[in-house]
Amino acid sequence: MTRATTAARRIRRQAGDAVFLRVAGPDGARNRERIHSTPGPRWFAPDRPVRRVHGDASMFIGGLAALLLQSLHPVAMAAVAAHSGYRGDPWGRLHRTSTFLAVTTFGTSADAEAAVARVREVHARIRGRTAEGVPYRADDPELLTWVHIAEADCFLRAHQRYGRHPLDPADCDAYLADTARVARALGADRPPENARELALRMADYRPTLRPTAASRDTARFLLTDPPLPGAARLPYALLAAAAVELLPPWAREAVTLGSGSAAGRIPGPAARMGGHAVTRAIRWALPPAPRPSRPAAP
């Protein structure tokens, strides 16, 4: 093995460790081993589309796009701003979210059910009012459904544009059916199970969605001043531009207006080129997940 090869492997390992630590947290390696290697039945068999989508580097772009899109629901954004701690502990929130997605997608059925129960227990305690006095509760099926469809839409859009193996139309519907299972377990109301239903539900929510002071604050935090070291700023800027470009035009304008971010001003082809570059780099750096010790049950 040449010195150049050894150096390249070391750089790859260091880059992968840095990315994984940011996303999964200090307990990420132990959680990953448990999620993928614990024997037992799973909610989703190895060939299900949800595993292909949620295991791909395109999720980095889809996840950021989903946060921006979710922020346009004034009531949901008020609840997030008041209770999620995303500004005080953004990495902790990311660790919890990524672990929940991993457990429900790849973990045993018992662990998935326990993860859902923990989230439902937290949601049951969250109550409040918006600045306009509108009451909310985190376990409101309407809010849960909005959060779900924003995620499903953005994860799927990102995979179709930046995923290693985009899905055909039948598998797109199957992906939505897979994610609907998790959404129903969390308490969402009639989550969409195919692309047509997703478009209809998105249209139902569209009149409710608008920028607010809280959504603009979130966009500034995510797009203009993320809590990252200098070396990570350029790749993150590429990811952010790709995430904004992924959104429908009306949402793109709504999330960037007043944010001070240049992400919304980058031409589409340039944003997509940067998105492909950053997802390829993440895919190169991150090691593959461990193989399950026993075949998953259908």
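Me: Are α8 and α9 roughly parallel or antiparallel to each other?
Reply: Roughly antiparallel. This is a predicted model. The two axes cross at roughly 150 degrees, and over 145 counts as roughly antiparallel.

Me: How close do the axes of α8 and α9 come?
Reply: They come within 10 Å. Helix α9 covers residues 169-186. The crossing is right-handed.

Me: Which residues meet there?
Reply: From α8, Leu144, His148, Ala152, Phe155, Leu156 and Gln160. From α9, Cys172, Tyr175, Leu176, Thr179, Ala180, Ala183 and Leu186.

Me: How does that contact divide into nonpolar, polar and charged?
Reply: The α8 contact with α9 has 10 nonpolar residues, three polar and no charged.

Me: Is the crossing of α8 and α12 left-handed or right-handed?
Reply: Right-handed.

Me: Which residues in α8 meet α12?
Reply: Cys154, Arg157, Ala158, Arg161 and Tyr162. They meet Ala242, Glu245 and Leu246 in α12. The residues of this contact divide into five nonpolar, no polar and three charged.

Me: Back to Cys154. Buried or exposed?
Reply: Buried, with a relative accessible area of 1%. Under 20% counts as buried.

Me: What does cysteine 154 touch?
Reply: Leaving out residues up to four places away in sequence, cysteine 154 touches Gly62, Ala65, Ala66, Leu69, Leu246 and Leu247.

Me: How far apart are the C-alpha atoms of cysteine 154 and alanine 66?
Reply: They are separated by 5.4 Å. Along the chain, the two residues are 88 residues apart.

Me: And Leucine 69, what does that touch?
Reply: Trp146, Ala150, Asp153, Cys154, Met202, Leu247, Trp250 and Ala251. Residues up to four places away in sequence are again not counted.

Me: Which residues in the largest nonpolar core touch the most other members?
Reply: Ile61, Leu64, Leu68, Leu69, Trp146, Tyr175 and Leu247. The core has 67 residues. Helix α8 gives the most to this core, with 10 residues.

Me: Last topic, α5. Which residues are buried?
Reply: Pro74, Val75, Ala76, Met77, Ala78 and Ala79 are buried in α5, which is residues 74-83.

Me: What covers the buried residues of α5?
Reply: The cover includes β2 (135-137), α8 and α11 (213-224).

Note on methods:
Residues are numbered from 1 along each chain as its sequence is written. This is a predicted model: local features need pLDDT of at least 70, side-chain atom pairs count only at pLDDT 80 or more; totals for chains, interfaces and linings use all residues. Side-chain values use heavy atoms; hydrogens and water are left out. A crossing is left-handed if the near helix is turned anticlockwise from the far one by less than a right angle, and right-handed if clockwise. Helices (H or I, at least four residues) and strands (E, at least two) are DSSP runs, numbered from the N terminus. Contact means heavy atoms within 4.5 Å. Ala, Val, Leu, Ile, Met, Phe, Trp, Tyr, Cys and Pro count as nonpolar, Asp, Glu, Lys and Arg as charged, and the others, Gly among them, as polar. Buried means under 20% relative accessible area, exposed over 50%, partly exposed in between (1.4 Å probe, protein chains only). A nonpolar core is a set of buried Ala, Val, Leu, Ile, Met, Phe, Trp, Tyr and Cys residues joined through side-chain atoms within 4.5 Å. Axes are lines fitted to C-alpha atoms, for helices over the stretch in contact, and angles run from 0 to 180 degrees between N-to-C directions. Angles under 35 degrees count as roughly parallel, over 145 as roughly antiparallel, 65 to 115 as roughly perpendicular and the rest as oblique.
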